[in-house]
Each structure stands twice: as C-alpha cells, then as structure tokens.
Amino acid sequence: MLINFPYIKRASFVHGLDPRTKLLLLFIFIFIVTQSSNFWFVLAGLTTATLYYRQARLTWKETKKAWVYIITLALTLVIVNYLVTAGAVVQGMDLSQQHILSRLPFSHFSSKLPFVVPGTLIVSVEGITFVLTQLMRNISIGLFVIPITYTIDPAQMGVAFRGMGISDNIAYAIDLSLRFLPSVTRDFTATYDAQRARGFEIDKLRGGIFARIARLAPMIVPVIIGSIVDAEDTINAMELRCFGVGKRTWLIQLHPRSIDLCLVLFALFLLVAITALNILGNFTTLEGIYFLHTQGIPRFLLA
C-alpha cells in the first residue's frame with residue numbers, strides 16, 4: 001500500500017478535503033484515541049472513524065490488500081502483547097480485583113537463567129476487555145490511515161507537508177520518496193521478468209539463508225545499482241537548480257475550504273477537551289471526569 005500509493009480519483013467528501021486536513025485529522029485522532037483504554041471511549045472513536053471512512057467511498061476490492069495487512073498487524077500486536085504479559089497488563093484497572101475466568105499453564109520471561117520459567121496465563125474479563133479495546137483502537141487508526149493513501153494525489157503530498165509548516169528539505173524528501181518507491185517497485189518487476197526469461201526461478205532457491213541471499217544477486221544488484229544511479233541524477237538536477245539555497249516555490253497550490261477549517265478546529269477542540277479531562281482525572285474521582293481512567297467493562301462480559 002505504502003510503496004504503490006494506490007491513489008483512486010473519485011468524487012467523495014473525503015477526496016474533496018484538503019490533504020492537510022486529512023493529515024491533521026489523522027494525527028489529532030491518534031492523540032485523542034490513545035489517551036484512554038476505556039472500552040466505550042474507544043468504541044466511540046471507532047464509530048467516528050467508520051463514519052469518516054465511509055465518506056471516502058472506498059470499496060473492499062480496492063482496499064483488500066491494505067486491510068489484510070492492517071488487520072493482521074493489529075491482531076499480531078494485540079495477541080503477542082497479551083501473551084508476553086501473560087494477561088497481567090491492563091491499563092487503568094486494579095488487577096487485584098479482576099474477574100478471573102480461567103488460569104492456563106503458560107511460560108513467563110525471567111531476568112535469570114534460563115530466562116523462561118513455568119507460569120500461568122490469566123484469562124479475565126479485564127484482559128478480554130483490554131484486548132478488544134486495543135484491537136478497536138488499532139482498527140480505528142487504520143480507518144483514518146487508508147484514506148491518506150487512497151484519496152490524496154501523490155503529487156500533493158509534498159505540498160501538503162510544506163503547507164503544514166515543515167521545511168522545504170523535509171517536504172521535498174517526502175515528495176521524492178513517494179515518487180521514488182514506485183519506481184523501485186517497477187524496476188524490480190522488470191528485472192524479475194528479465195531474469196525469469198533467462199531461466200532464473202526465485203521460488204526454487206536452495207540452501208540456507210545466506211546462500212539464498214547470495215543467489216538473489218541477479219535480482220538485487222541491478223535494482224540497487226539502478227536506484228543509486230537514479231538518485232545521483234536527481235541530486236545533480238537539484239544542485240543545478242540551487243536547491244536549498246533559498247525559499248522554494250511549489251507548482252501546485254492548495255486552497256482549503258471552510259469545511260476544512262471547521263473540521264480541524266472541531267478536532268482540535270476535542271483534543272484539548274479530552275486532554276484536559278484526562279489531566280483532571282489524575283486529581284479527582286468524579287464520574288464525569290474520571291471515566292477516561294476506567295476500563296468501562298461491558299455488562300455482557302460480566303454476565
């Protein structure tokens with residue numbers, strides 16, 4: 001997804017937003033949704049992200065590969081975290097009073113030899129709630145990430161970051177990366193097809209990992225050399241145009257609309273309000289303020 005940058009030109013609400021708006025909404029949403037592990041708070045974030053994603057009018061067929069990657073990564077992170085901690089890490093909850101459902105034989109990491117010792121995997125309502133919350137959080141962030149690559153023209157990415165106050169050097173580096181990576185993919189595909197025409201089969205490699213890497217030289221070397229040559233050509237062209245000497249101008253100009261300003265201001269208001277509630281929750285246990293520091297276990301899990 002990130003290498004091919006599969007931009008899809010379409011008339012939708014999200015497509016019509018300023019690229020800077022979509023980037024700012026992503027960053028602000030991450031800062032908001034990571035401030036609490038309350039089940040209902042994260043569920044509200046997931047609902048908001050789903051409504052936003054639906055406005056992009058992206059189909060499953062178009063985004064299947066991206067979603068397979070995101071869901072696999074989210075499940076892996078959540079499950080590995082749960083197993084590594086043996087179900088004993090639940091943010092915002094006193095585990096001394098947890099509702100234990102089962103205790104399973106398991107292994108724990110130790111700071112002493114042999115570093116792995118027998119232990120118990122705790123399966124509790126709090127642990128299950130935390131796993132569901134983490135999974136919803138990761139998926140909700142993915143709902144904001146995918147429209148970035150599918151609804152923003154790659155030619156506007158560098159301009160968008162420059163418009164957000166980032167320096168010309170960094171903005172242009174981002175712009176070049178988005179143009180350079182697809183070229184590497186194209187060169188790799190062309191090299192692979194050429195080598196297969198000469199009888200090279202990548203799926204029939206034998207030997208250990210180092211032997212396989214050595215036998216991949218007919219694939220890797222041409223791509224690396226070609227990338228270095230292309231990079232040097234780009235550097236020479238930039239030096240001839242005195243890049244970095246003074247302030248640069250961009251061919252594409254972005255013009256935000258009133259809806260962009262309203263969305264960003266509303267998102268910033270939510271960020272400030274939730275951050276304030278989160279800070280106040282450290283000094284008080286009032287229900288209306290302290291909820292961000294509770295787990296908010298669903299009733300159906302306690303039944």
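**Exercises on helix packing and salt bridges**

The crossing of H4 and H5 is right-handed, meaning that the near helix is turned clockwise from the far one by less than a right angle. The model is predicted, with pLDDT of at least 70 needed for local features and 80 or more for side-chain atom pairs, while totals for chains, interfaces and linings use all residues. Residues are numbered from 1 along each chain as its sequence is written, and side-chain values use heavy atoms, leaving out hydrogens and water.

**Exercise 1.** Determine how H4 and H5 are oriented to each other.

Step 1. H5 spans residues 125–151, and its axis comes within 9 Å of that of H4, at a crossing angle of roughly 150 degrees. Axes are lines fitted to C-alpha atoms over the stretch in contact, and angles run from 0 to 180 degrees between N-to-C directions.

Step 2. Ala, Val, Leu, Ile, Met, Phe, Trp, Tyr, Cys and Pro count as nonpolar, Asp, Glu, Lys and Arg as charged, and the others, Gly among them, as polar.

**Exercise 2.** Describe the packing of H2 with H10.

Step 1. H2 (residues 19–33) and H10 (residues 258–280) pack at about 15 degrees, their axes 10 Å apart. The two helices are therefore roughly parallel to each other.

Step 2. H2 passes H10 in a left-handed crossing. Among the residues in contact are Leu24, Leu25 and Ile28 of H2 and Leu263, Val264 and Ala267 of H10. The contact of H2 with H10 divides into 12 nonpolar, one polar and one charged residues.

**Exercise 3.** Find the salt bridges and state whether their residues are buried or exposed.

Step 1. There are two salt bridges (a side-chain nitrogen of Lys or Arg within 4 Å of a carboxyl oxygen of Asp or Glu).

Step 2. Glu62 pairs with Arg10, with 2.4 Å between the closest N and O atoms. Glu62 lies in H4 (residues 60–84) and Arg10 in the segment before H1 (13–16), so the pair ties together parts 52 residues apart in sequence. Glu62 is partly exposed at 26% relative accessible area, and Arg10 is partly exposed at 25%.

Step 3. Arg20 and Asp18 form a salt bridge at 3.0 Å, N to O. Both residues, Arg20 and Asp18, are buried (under 20% relative accessible area; exposed is over 50%, partly exposed in between; 1.4 Å probe, protein chains only).

Technical notes. Helix = DSSP H or I, 4+ residues; strand = E, 2+ residues; numbered from the N terminus. Parallel < 35°, antiparallel > 145°, perpendicular 65-115°, else oblique. Contact = heavy atoms within 4.5 Å.
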